[in-house]
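Reader: I'd like to go through this protein with you, starting with its charged side chains. Can you show me the model?

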Amino acid sequence: MPHIVINGTPHQADEKTTVAAALMNLGITSRTSVSGQPRNPLCGMGICFECRVTIDGIAYQRGCQVEVREGMEVSTDAI
Ligand code: FES
């Protein structure tokens with residue numbers, strides 16, 4: 001199981017899963033809207049951008065399109 005860091009906290013994710021699925025499995029919201037509402041994946045196929053997160057310092061990555069990998073750092077600070 002890959003070890004990933006989410007918002008500075010270490011976690012383990014399932015093999016062959018996406019970042020968006022890993023966040024959902026851990027009960028972590030993908031991001032917060034400008035009005036403060038929690039947002040989570042909607043389409044699961046790269047269209048809605050509701051799953052956007054920062055991955056290894058690169059902002060606005062679609063979590064539903066990226067597979068977790070060992071050592072990955074994810075931040076849910078995207079607006
Ligand atoms: S869930 Fe819609 S783009 Fe990722």
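Author: Let's start with a term: a salt bridge is a side-chain nitrogen of Lys or Arg within 4 Å of a carboxyl oxygen of Asp or Glu. This is a predicted model, where local features need pLDDT of at least 70, side-chain atom pairs count only at pLDDT 80 or more, and totals for chains, interfaces and linings use all residues. Residues are numbered from 1 along each chain as its sequence is written, and side-chain values use heavy atoms, leaving out hydrogens and water.

Reader: Which residue forms a salt bridge with aspartate 56?

Author: Side chains of opposite charge can pair when their charged atoms come close. Here the N to O distance is 2.9 Å, and the partner of aspartate 56 is arginine 69.

Reader: Is arginine 31 buried or exposed?

Author: Buried means under 20% relative accessible area, exposed over 50%, and partly exposed in between (1.4 Å probe, protein chains only). Arginine 31 has 6% relative accessibility, so it counts as buried.

Reader: And which residues are linked with Arg31 in a network of salt bridges?

Author: Arginine 31 meets glutamate 50 in a salt bridge, at 2.7 Å from N to O. Glutamate 50 also forms a salt bridge with arginine 39, with the closest N and O atoms 3.1 Å apart. So, with glutamate 50 itself buried at a relative accessible area of 13%, who's in the network? Arg31 is linked there with Arg39 and Glu50.
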